[in-house]
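I set out below what I looked up in this structure, entry by entry.

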Amino acid sequence: MSKKKFEKSIELLNKAVADELLAIHQYMYFHFHCDDQGYDLLASLFKKTAIQEMGHVEVLSERILFLKGDVEMKILGEVKKIRDPKEMLKCAADMEDESAKEYNIWANECSANADSASKKIFEDLVLDEEAHFDQFDTEMGNMERFGENYFALQAIERSKVVSTTTKQN
Ligand SMILES: [Fe+2]
Ligand SMILES: [Fe+2]
């Protein structure tokens, strides 16, 4: 497989890796702070999503290596130090929206370069990022609808788990 022919795809795939790496770092930062503040539902949503983004890095990296490129492992930017849960969800939803938009464009670029396998990867990622967007958007909606009760319910859930879990050796 000639590297030259797929140079553009390798570049785009590496840009996506950088995007995914930032999402992983950002969501784990949100996970730690939600956990610390007792927002269990949000804490696990961010962790679960970060793990899915890791899966995306893997798929992208496998394709880069197959095309005889190398995985640069650059991170797109700095983690935003947001600690307010509503702001976290807004930030995460925007990131997903942005990724989906870019992956759509890059899918078309790969297609124009006769690289339909990379195109397919980007298309599959669009589906996942849209689903992530939807999850964050739904939580933002719940927060609006239930106000303070949204957080109270999460705190009660944690108390329930703590009070009913027996330590086993
Ligand atoms: Fe992703
Ligand atoms: Fe995502």
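I took contact to mean heavy atoms within 4.5 Å. On that basis, residues 24 or more positions apart account for 82% of the contacts in the chain with a separation of 6 or more.

**Basis.** I worked from a predicted model, in which local features need pLDDT of at least 70, side-chain atom pairs count only at pLDDT 80 or more, and totals for chains, interfaces and linings use all residues. Residues are numbered from 1 along each chain as its sequence is written, chains are lettered from A and ligands numbered from 1 in the order in which they are written, and side-chain values use heavy atoms, with hydrogens and water left out.

**Whole chain.** I read helices (H or I, at least four residues) and strands (E, at least two) as DSSP runs, numbered from the N terminus. The chain has 5 helices and 0 strands. Its C-alpha atoms fill a box of roughly 60 × 40 × 25 Å, taken along the principal axes. I found that 42% of the 169 residues count as buried; buried means under 20% relative accessible area, with a 1.4 Å probe and protein chains only.

I counted as donors the N, O and S atoms within 2.8 Å of the metal (3.2 Å for Na, K and Ca); water is not among the atoms, so sites may look incomplete. Glutamate 20 lies in helix α1 (residues 7-37) and histidine 56 in helix α2 (residues 40-66), so the pair ties together parts 36 residues apart in sequence. I noted glutamate 20 as buried, at 1% relative accessibility, and histidine 56 as buried too, at 5%. Glutamate 53 coordinates both the iron ion (ligand 1) and the iron ion (ligand 2), which are 3.7 Å apart.

**Helix α2.** Lysine 68, which follows α2, has a positive phi near 70 degrees.

**Packing of α2 on α3.** Which residues of α2 meet α3? I found Leu42, Phe46, Thr49 and Glu53 of α2 against Pro85, Met88, Leu89, Ala92 and Glu96 of α3.

Technical notes. Buried < 20%, exposed > 50% of the residue type's maximum accessible area, 1.4 Å probe, protein only.
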